[in-house]
Amino acid sequence: MPRISESEIERIKSEVSLLEWVKSEGLDTRKRGKDYVVLCPFHDEDTASCVITPSKNLWNCFGCGCGGTIIDWVMKRRNISFPYAIEVLRSGSAGPVPENNYNPQH
């Protein structure tokens with residue numbers, strides 16, 4: 001796989017909406033002030049502790065401590081490598097994540 005340029009990585013981080021991606025995965029997001037909250041898909045919880053900040057296009061879970069960019073989200077949700085996550089984001093192939101990709105560890 002060819003090297004991915006820093007400009008391409010930055011373009012993806014800024015142009016692909018994390019909030020819209022999460023919604024397209026079928027997760028229920030709720031507005032809370034300027035941010036949105038969602039039940040964290042990376043650990044078992046009953047109260048939403050994962051915060052998405054659209055203005056920064058970042059996420060952070062106060063329950064399990066995970067967080068990052070849209071790239072980090074895709075890598076973790078699909079249990080894939082960085083280069084493959086870039087390819088997924090380039091293709092725009094969001095959507096429901098298979099249940100067998102649940103990974104409670106971070």
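Which residues of helix α1 (residues 6-15) are buried?

1. In this predicted model, the buried residues of helix α1 are Glu 8, Ile 9 and Ile 12. They lie on the same side of α1, because the arc they cover around the axis is only 100°. Helices α3 (70-78) and α4 (82-91) are among the elements that cover these buried residues.

2. On the face of α1 turned away from the buried side, the exposed residues are Ser 7, Ser 14 and Glu 15.

3. A pair of aromatic rings is described by the distance of the centres and the angle of the planes. The model has three aromatic pairs. One of them is formed by Phe 42 and Trp 59, with 5.4 Å from centre to centre and 40° between the planes, and is tilted. This pair links distant parts of the chain, 17 residues apart: Phe 42 belongs to the loop between β2 (35-38) and β3 (50-53), Trp 59 to strand β4 (residues 58-61).

4. Phe 42 counts as buried because its relative accessibility is 2%, under the 20% cut-off. Trp 59, at 4% relative accessibility, counts as buried.

5. Phe 42 also pairs with Trp 73: the ring centres are 5.3 Å apart and the planes stand at 70°, so this pair is edge-to-face. Since Trp 73 lies in helix α3 and Phe 42 in the loop between β2 and β3, the pair ties together parts that are 31 residues apart in sequence. Both Phe 42 and Trp 73 are buried.

6. Phe 42, Trp 59 and Trp 73 make up one aromatic cluster. The ring of Phe 42 also has the charged end of Lys 76 sitting over it, 5.2 Å from the ring centre.

Notes: Residues numbered from 1 in each chain as written. Predicted model: local features only at pLDDT ≥ 70, side-chain atom pairs only at ≥ 80, totals over all residues. Heavy atoms only, no water. Buried < 20%, exposed > 50% of the residue type's maximum accessible area, 1.4 Å probe, protein only. Helix = DSSP H or I, 4+ residues; strand = E, 2+ residues; numbered from the N terminus. Arc of directions from axis to C-beta. Contact = heavy atoms within 4.5 Å. Phe/Tyr/Trp six-rings, centres within 6.5 Å; stacked < 30°, edge-to-face > 60°. Lys NZ or Arg CZ within 6 Å of the ring centre and 35° of its normal.
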